[in-house]
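Colleague: I'd like to learn how to read a model like this one, feature by feature. Could you walk me through it?

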Amino acid sequence: LDTLVDKAEYLTAEFGVTQQDVGSLLTRAPALFFQSLETGLKPKARFLRRDLGLDTDSMAFLLRRMPRALNYNIVSRGRPLLQFLTRGPLNFSREEVARIILRSPSLLSVDVTSPRFLLLLQTLQQATSLPLGPALASLLQRFPMILSFTASRLQASLKVLTEDLKCTPAEVASILQKHPQLLGYRPVAVRKKLAALQEIYG
């Protein structure tokens, strides 16, 4: 039976975190320490190191930034995500995927085989007319959190562009390629900003 000390020692050895970090992890992500070493933490560490190519510093960064990421089933979901991003039209390198994951660790929870994810992609492509390819890859690289959205959340953000501003798909694509972070703002906040600008500039 794995003890708390066993898991703390493994995290410091494999992830490069300090004892002080472990104390913080106990507070921020206590569920982490309920996992088995052999069936939980070790397979996840192997995936991060071997499949994603993270070094010890990067693994420590990931754990400090979002410790609950290790509570996700990152092996069964991470491998299909890695294949989706690196194979086919998106054609990210493994190093680019690693950087994306370090920026947005919650992507490790995304199930790219689910109908929900397919609906999200369909919604994004319909709004922008962008096929899976370099242009869409550039957008995802700049704002990878899109991949963790639900289709309804994405639609709510896109409506500001498609309905309020009457943008065409080509215009939506152009705006998002320059300012993809717009999708991360609450639609109500964007509408208030637009209303204020209309009052100023007519």
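Colleague: Which residue has its charged end over the ring of Phe149?

Modeller: That's Arg153, with its charged end 3.8 Å from the ring centre. The rule is that NZ of Lys or CZ of Arg must be within 6 Å of the ring centre and within 35 degrees of the ring normal. Keep in mind that this is a predicted model, where local features need pLDDT of at least 70 and side-chain atom pairs count only at pLDDT 80 or more, while totals for chains, interfaces and linings use all residues. Residues are numbered from 1 along each chain as its sequence is written, and side-chain values use heavy atoms, with hydrogens and water left out.

Colleague: How many aromatic pairs does a search of the whole structure find?

Modeller: Two. In general, you describe a pair of aromatic rings by the distance of the centres and the angle of the planes. Here, rings of Phe, Tyr and Trp (its six-membered ring) pair if their centres lie within 6.5 Å; planes under 30 degrees apart count as stacked, over 60 as edge-to-face and the rest as tilted. Phe84 and Phe117 have ring centres 5.3 Å apart and planes at 90 degrees, so that pair is edge-to-face. Phe84 sits in helix 5 (residues 74-86) and Phe117 in helix 7 (residues 115-128), so the pair ties together parts 33 residues apart in sequence. Phe143 and Phe149 are edge-to-face too, because their planes are at 80 degrees, with the centres 6.2 Å apart.

Colleague: Are Phe143 and Phe149 buried or exposed?

Modeller: Both are buried, and so are Phe84 and Phe117. Buried means under 20% relative accessible area, exposed means over 50%, and partly exposed is in between (1.4 Å probe, protein chains only). Of the 202 residues in the protein, 43% are buried.

Colleague: What about the helices: how many are there in the protein?

Modeller: Eleven helices, and zero strands. They're DSSP runs numbered from the N terminus: helices are H or I with at least four residues, strands E with at least two. The C-alpha trace spans about 65 × 40 × 25 Å along its principal axes.

Colleague: Which residues of helix 4 are buried?

Modeller: A general point to start: an α-helix has 3.6 residues a turn, so residues three or four places apart point the same way. In helix 4 (residues 56-65), the buried ones are Ser58, Met59, Ala60, Leu62 and Leu63. Their cover includes helix 1 (4-15), helix 2 (19-28), helix 3 (37-51) and helix 6 (94-103).

Colleague: Which residues is Leu82 in contact with, leaving aside its neighbours within four places in sequence?

Modeller: Contact means heavy atoms within 4.5 Å. With those neighbours set aside, Leu82 touches Asp51, Leu52 and Val97. Leu82 is in helix 5 and counts as buried at 12% relative accessibility. For the whole protein, take contacts between residues at least 6 apart in sequence: 74% of them join residues at least 24 apart.

Colleague: Now salt bridges. How many does a search of the whole structure find?

Modeller: Five. The test is a side-chain nitrogen of Lys or Arg within 4 Å of a carboxyl oxygen of Asp or Glu. Arg49 bridges to Glu14, with the closest N and O atoms 2.8 Å apart. That pair links helix 3 (Arg49) to helix 1 (Glu14), 35 residues apart. Asp51 and Arg79 also form a salt bridge, at 3.1 Å, N to O. Asp51 lies in helix 3 and Arg79 in helix 5, so the parts tied together are 28 residues apart in sequence. Another one is Asp164 with Arg191, whose closest N and O atoms are 2.7 Å apart. Since Asp164 is in helix 9 (residues 151-164) and Arg191 in helix 11, this pair ties together parts 27 residues apart in sequence.

Colleague: How exposed are Asp164 and Arg191?

Modeller: Asp164 is partly exposed at 37% relative accessibility, and Arg191 is partly exposed at 32%.

Colleague: Last one: which residues form a nonpolar patch on the surface?

Modeller: Patches are made of residues with over 30% relative accessible area and no salt bridge; like charges are joined within 9 Å, nonpolar side chains (Val, Leu, Ile, Met, Phe, Trp, Tyr) within 5 Å. Leu197, Ile200 and Tyr201 form such a nonpolar patch, with about 370 Å² of accessible area together. Accessible areas come from the Shrake-Rupley method with a 1.4 Å probe, and for residues only the protein chains shown count as cover. Ile200 belongs to helix 11 (residues 187-201) and counts as exposed at 61% relative accessibility.
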